[in-house]
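Subject: Handover of a structure, with notes

Dear colleague,

I am passing on the structure below, together with notes on what was found in it. Please look through the model first and then read on.

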Amino acid sequence: MIAQPESLYQPILEQRSLRLMEVLSEKKLRGVYKVAELSGGPPLILKVNKLFPGKLRREADFLQLAEAHELKHLKLPRIVDRSDHWMLMDCVQLEHYTRDTILLKAWTTAEAEKWIAALQEFQQIPQSSRGFSKKEKLKGAFYPLIRLIELRKAVNKRLSLWRRVQLGWMALRYLAYRPLLRQVTVHYDLNTFNFTNEQGSEKMLMIDFEAGAYRGDSLYDILYYLTIPTVRLEEWGFQRTLLGTWFRATEGRERFLSLRLRFQLVVLCLQRIQRFVDDPGKAQVYVDNLDLLFNGSRYRNWRIGLQQA
């Protein structure tokens with residue numbers, strides 16, 4: 001017999017004397033709910049995951065580790081209570097943006113600096129390896145390479161033989177350099193919904209930490225975020241501002257930047273093309289981006305322009 005959705009949250013509501021306010025999302029054996037105490041008080045978020053309870057436990061572990069760190073620019077949800085397959089958190093108020101409306105945000109220099117500072121604070125929060133399998137730890141250490149292997153059908157379909165040779169050379173160099181790069185805490189799904197401004201404050205908010213890999217390359221999250229809007233690299237606006245700010249904030253602390261930037265952008269563009277397989281117009285934007293990334297002189301001029309942004 002298939003479990004009814006109510007069976008996910010109803011026992012927890014009864015145990016904690018809570019009432020359901022809103023179902024925010026619900027999938028098989030997983031759900032996120034806005035709830036409140038029967039006695040009153042502000043809303044809370046109940047997150048239930050009976051399908052992958054290990055992911056929920058490591059998210060809770062991360063949030064509890066983060067509570068011990070003084071964060072100036074970043075705010076994370078506070079855990080109120082937890083169990084093996086559920087977690088009760090403060091309900092945070094986020095500014096909502098989409099892949100389109102993020103382009104309309106007022107990206108001042110101060111806003112870009114706050115965004116980068118908050119991301120760097122997140123990267124410096126320790127992450128427990130508990131709950132991550134050996135495969136997930138290896139995946140974090142070599143994530144762009146493993147993601148490329150997962151996209152091999154798109155590589156063979158979208159790239160000419162010469163471009164596959166070029167990409168193979170990039171991948172081999174990245175593999176050689178990867179042990180020399182520092183590992184940081186990585187979100188792996190940083191987007192306009194889960195990393196955004198807090199309503200009524202000067203802080204950035206970040207939610208959803210069910211990372212599919214343990215730690216990783218410090219460039220990945222920002223590049224993942226910047227490639228969400230369907231914009232050609234040469235037409236980047238706020239993306240240039242953010243990445244230029246990141247370059248200045250990390251000057252002298254990051255190695256092999258040009259290769260890492262180029263290789264990961266190629267992988268992400270291939271990933272976005274697959275995302276828009278049924279929307280050729282949007283997919284074409286990332287096809288055009290690949291044309292720039294595989295052209296040595298165009299890429300070099302574009303990268304130099306980024307560092308001057």
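In these notes a residue is called buried when its relative accessible area is under 20%, exposed when it is over 50%, and partly exposed in between, with a 1.4 Å probe and protein chains only. Helices (H or I, at least four residues) and strands (E, at least two) are DSSP runs, numbered from the N terminus. This is a predicted model, in which local features need pLDDT of at least 70 and side-chain atom pairs count only at pLDDT 80 or more, while totals for chains, interfaces and linings use all residues. Residues are numbered from 1 along each chain as its sequence is written, and side-chain values use heavy atoms, with hydrogens and water left out.

The sheet

Five strands make up an open sheet with antiparallel pairing, in the order β1-β2-β3-β6-β5, where two strands count as paired if DSSP finds at least two bridges between them. Because β1 and β5 (79-82) stand at the edges with a single partner strand each, one side of each has no neighbour in the sheet. Direction ignored, neighbouring strands of this sheet are turned against each other by 20° on average; axes here are lines fitted to C-alpha atoms, for helices over the stretch in contact, and angles run from 0 to 180 degrees between N-to-C directions.

On one side β6 is joined to β3 by five bridges, the two running antiparallel; I45 has M89 of β6 as its bridge partner, and V48 stands opposite W86 in β6. β5 and β6 form a hairpin, with three residues between them.

Two helices lie across these strands. Helix α1 (residues 6-16) lies across β1, β2, β3, β5 and β6 and runs at about 155° to β1, whereas α2 lies across β3, β5 and β6 and runs at about 145° to β5.

Pocket and cavity

Both were found on a 1 Å grid over the protein atoms alone: a cavity is a set of points where a 1.4 Å probe fits but cannot get out, a pocket is an open set with protein on both sides within 12 Å along at least five of seven lines, and lining residues have an atom within 4 Å of a point. Grid points are joined across faces, edges and corners, and a volume is the space filled by probe spheres set on the points.

The largest pocket holds about 1,200 Å³ of space. It is lined by 41 residues, of which V32, K47, N194, I207 and D208 are the closest to its centre. Among the elements that each supply at least two residues of this lining are β1 (18-27), β2 (30-37) and α2 (53-66).

There is one cavity of 30 Å³ or more, and about 100 Å³ of space lies in the largest cavity. Its lining includes R58, D61, F62, F122 and H187, and α2 gives the largest share of that lining, with three residues.

T245 lies in helix α9 (residues 238-249) and counts as buried because its relative accessibility is 8%. Neighbours within four places in sequence aside, T245 is in contact (heavy atoms within 4.5 Å) with A112, E113 and I116.

With best wishes
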